[in-house]
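Dear colleague,

Please find the structure below, handed over for your study. A short account of what was found in it comes after.

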Amino acid sequence: MLIDLRSDTVTRPTPGMLQYMMEAEVGDDVYEEDPTVNALEAKTAALFGMEAGLFCPSGTMTNQIAIKAQTEPLTEVICDFTAHIYQYEGGGIAFNSAASVALLHGERGKVTAEMVQSAVRPNDNLHYPVSKLVSLENTSNKGGGTFYTLPEIATIAQVCKTHNMAFHLDGARVFNALLAAQEAPEAYGQYFNSISICLSKGLGAPVGSVLLGSKELIYKSKRIRKVLGGGMRQAGFLAAAGLYALEHQVDRLAEDHARAKELGKTLQKCAYVSEVLSVETNIVIFKLAPALNPQSFLQKLKEKNILAIQFGPQQIRLVTHLDFTPSMLEYTIDVLKKLNF
Ligand SMILES: *Cc1c(COP(=O)(O)O)cnc(C)c1O
């Protein structure tokens, strides 16, 4: 038995999901004739109070399309320095959009309206790029699963409105955020111009992300998706997994959060751990004692059939998910308690 806590992307489709995928009605989605893709796009858009959706192969693609569609060269994107769009998308903002980036130094991946306000460039001075788009990440991956509440989002949306900037959400784990904040998705539509949601993280689908926005933005985004090679044909088999996940695998995220908290509690009592970041959702980040080598720590875990990743100097990340069962939790807690160096 291998316990893979490297990421919530490692899940396999459940038997119910596989069955549902195989039974999907499909067509050519480049001709907009795949009923299952159309259903997924309509369902997610309605869920978040947005007009339209666009199914894409990855969250990197939905984020990069949103940035490309809402910026132009000589403009600037504002985000936290830990943001996935900046750190983990291969420099795509420069490559795809030729836009500049203003990095904020938020708290565990979260920025405030004041921080965003202070990064807005004066628009009457040609030395500066034009501030054009603000991107939030909810939950924040590098921040250890921290989440925004709607009132926090609303104050940042107001700054965007005042300065005529588009407002994007990298919602790779937005369902984790909504659960933790006890909020409903419909309200998001009034604040964001674009939302990227991942079906392949906590939701447990094998592939796929959806970009949400106005009809006009999604039309433009569809052209960009085509040029990136993201126009898929009988993609309904994949979209079906997303529909199934939205129906059956959202409420269970509470289990992931509870298990992550248990891991955090255990780690707090371990002598080899110097700090555990407060566990907010399904991500656990902890710091190893200074004398410990992170790679040898990971190796020791691996010998016990548990996989984790290094996440910054001396830091380790564990992510709970659909395939991390109660018995695996029990075993992992036992291993963590007994490890000694
Ligand atoms: C996983 C992730 C994405 C998208 O990643 P893909 O692997 O391209 O689907 C985007 N943002 C965040 C915060 C993520 O964790």
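The notes that follow concern the ligand and then one lysine.

This is a predicted model, in which local features need pLDDT of at least 70 and side-chain atom pairs count only at pLDDT 80 or more, while totals for chains, interfaces and linings use all residues. Residues are numbered from 1 along each chain as its sequence is written, and side-chain values use heavy atoms, with hydrogens and water left out.

The ligand is surrounded by 13 residues (each with a heavy atom within 4 Å of it). The closest are Gly 59, Thr 60, Asp 170, Arg 173 and Lys 201. Helix α3, residues 59–70, gives the most to this shell, with 3 residues (helices are DSSP runs of H or I, at least four residues; strands are runs of E, at least two).

A polar side-chain atom of Thr 60 is 2.5 Å from an oxygen atom of the ligand, and a polar backbone atom of Gly 59 is 2.8 Å from a ligand oxygen. For His 84, a polar side-chain atom lies 3.5 Å from a nitrogen atom of the ligand. Of the 380 Å² of accessible area that the ligand has on its own, the protein covers 84% (Shrake-Rupley method, 1.4 Å probe).

Lys 110 lies in the loop between β4 (100–104) and α6 (113–119). Lys 110 counts as buried because its relative accessible area is 18%, and buried means under 20%. The side chain of Lys 110 reaches the backbone oxygen of Phe 147 at 3.1 Å.

Definitions and conventions. A polar contact is a pair of N or O atoms within 3.5 Å; within protein, one must be able to donate a hydrogen and the other to accept it, and residues adjacent in sequence count only if both atoms are side-chain atoms. Buried means under 20% relative accessible area, exposed over 50%, partly exposed in between (1.4 Å probe, protein chains only).
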